[in-house]
Amino acid sequence: MSGEHFTLHVNGVDREVRDSWLGESLLDVLRDRLGLVGAKGACEQGECGSCSVLVDDNLVCSCLVMAAAAVGRPIITVEGLSDPGLPTDVQQLFVDAGAVQCGFCTPGLVMAVHDLLDRVVEPTETEIREELAGNVCRCTGYGRIIEAVQRVAVSRRADREVPR
Amino acid sequence: MTVTDRPADIRPGTIGSSPPRPDGVAKVQGSFEFSSDISADGCLWGATLRSPHPHARIVSIDLAAAWQLDGVSAVITAEDVPGEMNYGLISQDQPVFASDVVRYVGEPVAAVAADHPETCRRALDAIVVEYELLDALLDPEVAIAGDAAPIHPDGNVIRHQRVLSGDPDAVGDVVVEGTYELGMQDQAFLGLEAALAIPDSGGGGVELHVATQWLHEDRRQLAACLAMDESAVRLVLGGVGGAFGAREDISLQVHCCLLALRLGRPVRMAYSRAESFLGHVHRHPAKIWIRHHATSGGEIVKIEARMVFDGGAYASTSSAVLVNAVTMAQGPYRCPNAVVDGWAVRTNHLPCGAMRGFGAVQACFAQESQMDKLAEACGLDAVEVRLRNAMRTGDVLITGQPVLNVAPVERCIRETDALPLPDEPVGGTVGADGAVDVMKLPGGAGLTADAGDVVRGIGWGVSIKNLMYSEGFDDYATARCRLHGGVATIKFATAEVGQGFVMIAAQIARTILGVDDVRLDPIDTQIGSAGSTSASRQTWMSGGAVDAACRAARERLFEAVGAAHGLEPVQLAIDGTDVVDTMGDLRVPVVDATADLEIDETVEYHHPQTVHLDENGQGNCHTAFAFVAHRAVVDVDPELGLVKVVQIATAQDVGRALNPLSVIGQIEGGIAQGLGLAVMEEIIQVDGVIRNGNFTDYLLPTFLDMPPVVATLIEEPDPHAPLGAKGVGEPPTISSTPAIVAAIRDALRQADGVGKPLSRVPVRPSDICL
């Protein structure tokens, strides 16, 4: 199972992929060839959002993207959001608000929440539910995740309102 | 939802506070290592060949073509199992690989190891198995009747259990009855089954990194199948992506170790979602007939019930699931007389076993549906009929067992009733202009509901759940506490599956020992068993063990401080982070007092012994009980059969909330699974073949399906619990289901004055609108 060579631009760095099988998804290559295991495989058909990454600034399910089709397009994974031990505001408030239990859906949700709050600065609860409905969590019942998103929005608004 | 207010003076990180998870930052950053993330140098991939037939004789297996594929290193079958050919939690009736007969679609027949997952798939395709099809036993009633030939040497009835109490001939002024059904639910944890097996050089042992609920039980079954001493089999908990019962049984553990030992190389296995639906046990589908006799005032006189649980092809924990169902047929209500018969039977369906709620879920849907019928027959409302029957501490169950735990059933009901109803107007309209927010309508963005037709209903569910294991099983837990230089290091084999025991353990240690710095050792089999992360038992059992180990360590600390200062250890206490003399002025920081001490204590915690039920279902078979009430508000479009759950209110008997935020997380998450069973989730099998084994067709609640939850924690510390805290994981799942169904019934009754029985879950649109 090998033969393909190509380069992916992941988290700002060119990463060579050697001896890949053409049938490998972006999720497979990120996890098994590049060692970036933050994106998780849970349904393998784009239903659960656990494998969410950004490709060309678009939130996608990496299980549905062929790795070779992502050549030449910037890819951001959860590992590219923050340095080890220095979580983003979204990540920190996920922890503080109790939005993390088993944590398997969490990296995908963190990607989706960053994407949401980049586009909609202060989403309503209905907007949060609609926007994140492509990310399934089996542990939390979503209540603490919504709380975390709302707290991030409030905190960012406070930052914006600080007099310059 | 607001978390119950806490006193402000709780020292951060101790019992009663909600500190951040120690694994939280790693989980949000994607660096937490789940079992599917673990690899090793030179590692091969393993995969499993499964039966496509529900019942067939294996005529031949031809492996030659698989062996010839480039990249394939091993192909194994039952002939390659060196030890016990079967495994199982209670009875060992499930083959590692089928050798003569396959009994369900998905039963393992062979396994391969190769250089790449795709090579594995091609190798599985290349294996030729010739089957002779046999008649499949798919009707549990046929299994009970005894007419069909046994599909397993152990027979077709896994267990029959009767519960007889009081006067079997007692009658009431009012009689209501019904037959209720529940479909098969999947645990659907997100972290698929995955493991890495690393053989010892020389092949004398193996180390398995696996996501499981009970490391030591896995090891027991694994060692027997591998024909190894348990000491040669080491298990390490791989990061667990949810469990909910589905990781209590063996899945890939034996296959992965067999391949690794055969090859002398590390082998990793990872199920796909489709394989996961076949590779673990599910919640039992059940059919329950139940009749209530009551006084005209609505007080229960007698229950009669017949419960049939389809266990699928192998026993797993079916017999224990059945015991929960028959012993909790009365619900959280007084019931002086009972005649209950239950069967767990074997069929050629997918095997069933543990899932959150474990038998209580099935019984509760039936008996709570009955309570509403009883209310109607007696002219009472849903709350009043439940209050009139609510169980209290000291009441005796239909098994003859007294409920010695705190039993605040009445408080659960009253405090749920006191919670506010949703502000949302019916149909999700917003503002005085009556504009419709379509996202809040039943059917959501599909625009399939007309807001003018939507009807709101309210329904109730109240439940009882046994905590810990039952019927004589000593499911003890072990913990070790080392204390030095102000640092407590805690060791346990308790499977952290997401529930947050890693927080609770540290909170206990900080509270008991007066230290801030608590470190947790790896979770593995290098210490005694902790029992399973199931049955709402780890806070009580492993929490009890950590508490006891820390108390033992604290005794050593007090002895040392006492000796140094000429004080009796008994007069010393922990105050904050200091050791203090309760009768004098001494105050020494624990950090200083332990600077030169090396304390090391290991303790096993056991709960009081229980007994096996006798033939009439009598005996103190359960360890402890917890209670909860749920009130559901739903909006229903009766014409299209669509349901939007608007709000769940709940008051739960938690004993004592050691970590309030975690309790809320368990409540909300458990309710989501109860909602799933009520209106969404069912594994569909046709002629024994699963038809929806994927997340496109097996519907899980999303952000849009799950409503806000309003909750009250009923905190009456239980004197039998080591920390006063009851397990909180299962109750939210149990009575949320009947509450939602009752609310749908209420809405339909309002819509046309008649309503629908809705005696089966999940409730489908066609059940509502046709």
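This is a predicted model: local features need pLDDT of at least 70, side-chain atom pairs count only at pLDDT 80 or more; totals for chains, interfaces and linings use all residues.
How many residues of domain 1 of chain B are in contact with how many residues of domain 2 of chain B? The first legend gives the answer, after a note on the model.

Residues are numbered from 1 along each chain as its sequence is written, while chains are lettered from A and ligands numbered from 1 in the order in which they are written.

**Figure 1. Where domain 1 of chain B meets domain 2 of chain B.** Here 15 residues of domain 1 of chain B are in contact with 14 residues of domain 2 of chain B, two residues being in contact if their C-beta atoms, placed from the backbone, lie within 7 Å. On the side of domain 1 of chain B that touches domain 2 of chain B there are 6 nonpolar, 7 polar and 2 charged residues; Ala, Val, Leu, Ile, Met, Phe, Trp, Tyr, Cys and Pro count as nonpolar, Asp, Glu, Lys and Arg as charged, and the others, Gly among them, as polar. Chain B is divided into domain 1 (24-32 + 475-605), domain 2 (35-134 + 200-240 + 247-265) and domain 3 (286-469 + 613-769), with bounds that come from an automatic or database domain assignment. The C-alpha centres of domain 1 and domain 2 of chain B are 39 Å apart.

**Figure 2. The side of chain B that touches chain A.** In this contact, 54 residues of chain B meet 45 residues of chain A. The elements of chain B that give two or more residues to this side are α1 (24-29), α3 (117-126) and α15 (660-679), where helices (H or I, at least four residues) and strands (E, at least two) are DSSP runs numbered from the N terminus. Of these, α15(B) gives the most, with 8 residues. By class, the side of chain B that touches chain A holds 24 nonpolar, 21 polar and 9 charged residues. For the complex, the predictor gives an ipTM of 0.98 and a pTM of 0.97.

**Figure 3. The largest nonpolar core and B:C257.** A nonpolar core is a set of buried Ala, Val, Leu, Ile, Met, Phe, Trp, Tyr and Cys residues joined through C-beta atoms within 7 Å; a residue is buried if 20 or more other C-beta atoms lie within 10 Å of its own, exposed if 12 or fewer, and partly exposed in between, with C-beta atoms placed from the backbone. The largest such core has 313 residues, and those with the most contacts inside it include B:C257 and B:V112. Helix α13 (residues 538-565) of chain B gives the most to this core, with 11 residues. When residues up to four places away in sequence are not counted, B:C257 touches B:A197, B:V206, B:L208, B:L222 and B:L226.

**Figure 4. Helix α8 of chain B and its surroundings.** Because 9 of the 10 residues of helix α8 (residues 318-327) of chain B are buried, this helix is largely enclosed by the rest of the structure. Among the buried residues of α8(B) are B:S318, B:N324 and B:T327. The buried residues of α8(B) pack against β9 (157-165), β16 (300-310), β17 (337-345), α9 (360-378) and β20 (455-467) of chain B.

**Figure 5. B:V385 in helix α10 of chain B.** B:V385 is found in helix α10 (residues 382-389) of chain B and is buried, with 26 other C-beta atoms within 10 Å. Leaving aside neighbours within four places in sequence, B:V385 is in contact with B:G298, B:M371, B:L374, B:A375, B:C378 and B:L380. The C-alpha atoms of B:V385 and B:A375, which are 10 residues apart along the chain, are separated by 5.6 Å.
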